[in-house]
Amino acid sequence: MVRHSDVLTGAPNGTTLLFYTMVSNLLCLAWVALLVVRTARDLREAGASGTSTPSPRASGAVMMAITVTMLIYLVVLVPARFADGDSDIFSLTDNLIHIITPLLVIVDWLIFVPKGAFRWVDPLLWTLIPYAYLVWAFVYGALGGEFTPGQKYPYPFMDVDVLGVGGVAQWIVALTLALIVVGLVFVVIDRTLAALARRIPRR
């Protein structure tokens with residue numbers, strides 16, 4: 001996030017914090033800070049065994065929020081940037097915030113979070129985070145806010161001026177369905193791992 005905000009160049013760009021990519025990465029940063037505190041407490045009270053998380057279902061919400069970032073980048077933004085002739089795709093900065101962080105959060109969930117807590121309704125609830133961002137971004141742009149100079153929409157699939165209301169709605173519906181499917185995959189994995197854990201005899 002420091003690299004993406006141009007802090008290292010000596011000319012910080014605060015507008016990068018307006019994009020969902022940065023919002024989701026900041027959410028992960030706050031969640032990991034909370035995990036550090038919770039894990040330190042659990043290590044002190046229970047020792048170095050078992051799992052540690054403030055809330056398995058909340059961990060799923062954070063995981064889905066950052067997974068959205070990875071999927072939108074790979075499925076929507078990368079093809080668009082290729083088409084525009086952008087040669088700086090998959091730079092270190094892009095990889096860190098769009099791919100590596102999401103994968104690390106998913107791995108953290110797989111290894112350190114108790115399984116069996118996810119509900120079938122959770123994928124629908126998890127969409128509320130990106131939807132909250134969509135609402136805010138549309139309102140911000142409508143009120144004259146800009147994400148970059150002259151740009152009132154943060155992502156191409158949200159550009160009503162180019163795609164029209166119908167085109168944007170189609171993108172949002174398609175992406176929502178895709179995210180719900182991915183969320184359901186997480187639920188299936190969660191329940192499968194929980195079932196396997198119950199079959200392993202405890203010593």
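**Exercise 1.** At its relative accessibility, does L29 count as buried, partly exposed or exposed?

*Solution.* Keep in mind that we're working with a predicted model.
- Start by finding the residue: L29 sits in helix α1.
- Next, get its number, which is 49% relative accessibility.
- Now check the cut-offs: buried means under 20%, and exposed means over 50%.
- L29 has 49%, so L29 counts as partly exposed.

**Exercise 2.** Describe how α1 and α3 cross, and list who meets whom.

*Solution.* Two packed helices are described by the angle and the distance between their axes.
- Distance: the axes of α1 and α3 come within 11 Å.
- Angle: they cross at roughly 35°.
- Hand: this crossing of α1 and α3 is left-handed.
- Residues: from α1 you get T21, N25, C28 and L35, and they meet I97, H98, T101, V105 and D108 in α3.
- Classes: sort the residues of this contact and you have 4 nonpolar, 4 polar and 1 charged.

**Exercise 3.** Which residues touch the most other members of the largest nonpolar core?

*Solution.* Nonpolar side chains tend to be buried together in soluble globular proteins.
- Here, the largest nonpolar core has 41 residues, and Y155, F157 and F186 touch the most other members.
- Then ask which elements give two or more residues: they are α1, α2, α3, α5 and α6.
- The largest share comes from α2, with 13 residues.
- Finally, zoom in on F157: skipping neighbours within four places in sequence, F157 is in contact with I72, V76, L134, L163, V168, W171 and L175.

Technical notes. Residues numbered from 1 in each chain as written. Predicted model: local features only at pLDDT ≥ 70, side-chain atom pairs only at ≥ 80, totals over all residues. Heavy atoms only, no water. Core = buried A, V, L, I, M, F, W, Y, C linked by side-chain atoms within 4.5 Å. Buried < 20%, exposed > 50% of the residue type's maximum accessible area, 1.4 Å probe, protein only. Helix = DSSP H or I, 4+ residues; strand = E, 2+ residues; numbered from the N terminus. Contact = heavy atoms within 4.5 Å. Axes fitted to C-alpha atoms, helices over the stretch in contact; angles between N-to-C directions. Left-handed = near helix turned anticlockwise from the far one by under 90°. Nonpolar A, V, L, I, M, F, W, Y, C, P; charged D, E, K, R; others polar.
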